[in-house]
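Subject: Structure handover

Hello,

Here is the structure we talked about handing over. Please open it first; my notes on what was found follow below.

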Amino acid sequence: MKIGSLKLKNRIFLAPMAEVNDIAFRKLCLDAGAGLVFTGMINPLSKQEIDLDDKPALQLFSTNEKGVKEFIKKYEDKVKLFDFNLGCPAKTAKKLGFGSYLGELETIEKILKTMRESTKKPITVKIRKSKKALKILKIAEKYCDAISVHPRTKEQGYSGEPDLDFALRIKKRTKLPVIYSGNVNEDNLEERLKQFDFVMIGRKAMGNPNFFSKVLGKKTNFNFLDYLNLAKEYNLKFRIIKFQSMWFTKGLEGGAKVREQIAKAKTIKEIKEIYSKEILN
Ligand SMILES: Cc1cc2nc3c(=O)[nH]c(=O)nc-3n(C[C@H](O)[C@H](O)[C@H](O)COP(=O)(O)O)c2cc1C
């Protein structure tokens with residue numbers, strides 16, 4: 001169970017999710033047993049300070065290799081590996097030409113080469129289903145230690161069925177470890193782990209770090225208050241905490257009513273009170 005030189009305790013990871021994977025949430029997922037946790041995508045040129053106490057896999061997105069080396073040098077000691085995003089389907093990605101809209105193979109190669117030359121830590125790349133995927137795979141084989149595949153097209157975004165056969169074809173074509181992403185759940189996890197080297201859990205883990213312990217046969221019972229304690233420790237912004245409180249009440253009895261109340265809350269204290277009164281009572 002290795003990616004490059006990195007030993008992993010299991011093959012079930014938290015998928016990169018921008019906005020969702022703050023340090024408090026990542027820490028809960030790790031405590032629940034996730035084998036590796038990814039940050040959301042980060043622009044190497046942004047001045048934002050990133051909390052990496054949990055030693056995550058740090059994902060970057062870019063349209064060129066500018067700033068990539070400096071970024072990697074800055075964070076090298078604090079992460080398990082560096083991942084390159086070639087999958088983001090968002091409007092801003094289209095406008096600026098990054099993620100799934102970064103089409104020029106030459107540019108992709110320049111960025112991956114720069115990443116490779118900047119660190120001894122493992123490098124991974126995350127792709128979608130596309131006509132260029134096999135060409136990107138060839139480049140990845142030169143520089144990367146694993147490849148993540150989310151087999152939906154950029155037009156599909158996050159809906160519709162992921163094309164499992166597409167991901168299996170990638171797996172067949174390469175010796176690189178393949179990390180599969182797309183609708184992995186309790187029911188298909190075992191099968192996906194037979195088909196691929198690693199899997200990533202995205203939406204199933206949102207607001208539910210206990211997903212990992214459940215499928216690993218461990219017992220954790222983290223709730224929003226556990227998240228809140230960590231969020232306070234790391235001084236996370238109110239906007240992020242409010243957003244997480246919505247996810248942590250997803251699927252719970254009375255959750256919809258709680259979310260309506262939380263939507264109006266103006267302080268962390270208010271959110272905590274609403275949650276404690278409506279969910280924990
Ligand atoms: C809210 C949200 C944010 C995401 N942000 C990222 C991101 O920053 N980088 C990335 O590679 N994928 C991102 N993804 C895609 C996920 O990593 C994953 O590939 C996708 O959601 C499919 O897996 P799932 O069905 O388990 O959710 C995001 C997905 C969601 C739902």
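Two strands are taken to pair if DSSP finds at least two bridges between them. Helices (H or I, at least four residues) and strands (E, at least two) are DSSP runs, numbered from the N terminus. This is a predicted model, in which local features need pLDDT of at least 70 and side-chain atom pairs count only at pLDDT 80 or more, while totals for chains, interfaces and linings use all residues. Residue numbers start from 1 along each chain as its sequence is written.

Strand β10 and its partners

In β10, Phe13 has Met200 as its bridge partner. That pair belongs to the parallel pairing of strand β3 (residues 12-14) with β10, which has three bridges. Strand β9 (residues 178-181) also runs parallel to β10, again with three bridges, and here Tyr180 is partnered with Val199.

In a regular strand, side chains alternate between the two faces of the sheet. In β10 (residues 198-201), Phe198 and Met200 point one way and Val199 and Ile201 the other, and all are buried. Buried here means that 20 or more other C-beta atoms lie within 10 Å of the residue's own; exposed means 12 or fewer, partly exposed is in between, and C-beta atoms are placed from the backbone.

Two residues are in contact if their C-beta atoms, placed from the backbone, lie within 7 Å. Setting aside neighbours within four places in sequence, the contacts of Val199 include Arg11, Ile12, Phe13, Ile179 and Tyr180, as well as Val184, Leu189, Arg192 and Leu193.

Core and domains

A nonpolar core is a set of buried Ala, Val, Leu, Ile, Met, Phe, Trp, Tyr and Cys residues joined through C-beta atoms within 7 Å. The largest one has 78 residues, and Phe13 and Val199 have the most contacts inside it. Helix α1 (residues 23-31) supplies the largest share of this core, five residues. Domain 1 (2-216) and domain 2 (224-280) both give residues to the core, so it lies between them.

The domain bounds come from an automatic or database domain assignment. The C-alpha centres of the two domains are 28 Å apart. Their contact takes 10 residues from domain 1 and 12 residues from domain 2. On the domain 1 side, the touching residues divide into five nonpolar, one polar and four charged. For these classes, Ala, Val, Leu, Ile, Met, Phe, Trp, Tyr, Cys and Pro count as nonpolar, Asp, Glu, Lys and Arg as charged, and the others, Gly among them, as polar.

Helix α1

Seven of the nine residues of α1 are buried, so the helix is largely enclosed by the rest of the structure. The buried ones are Ile23, Ala24, Phe25, Arg26, Lys27, Leu28 and Cys29. Their cover includes β3, β4 (36-42), α8 (210-216), α9 (224-233) and α10. Just after α1, Gly33 has a positive phi of about 120 degrees.

Helix α10 spans residues 238-248 and contains Ile240. Ile240 counts as partly exposed because it has 16 C-beta neighbours inside 10 Å.

Strand β6

Six of the six residues of β6 (residues 81-86) are buried, so this strand is also largely enclosed by the rest of the structure. Leu81, Asp83 and Asn85 are on one side and Phe82, Phe84 and Leu86 on the other. Strand β5 (residues 57-60) runs parallel to β6, with four bridges joining them. Leu60 stands opposite Phe84 in that pairing.

Ligand shell

The shell around the ligand has 22 residues, and Ala15, Ala18, Met41, Gly202 and Arg203 come nearest. A residue is near if its C-beta atom, placed from the backbone, lies within 6 Å of the molecule. The shell divides into 10 nonpolar, nine polar and three charged residues.

Backbone points to check

Most residues other than glycine have a negative phi. Lys55 is not a glycine and has a positive phi of about 50 degrees. Lys55 is in the loop between β4 and β5 and is partly exposed, with 15 other C-beta atoms within 10 Å. Asn235 also has a positive phi, near 60 degrees. Asn235 lies in the loop between α9 and α10 and is exposed, with 8 other C-beta atoms within 10 Å.

Regards
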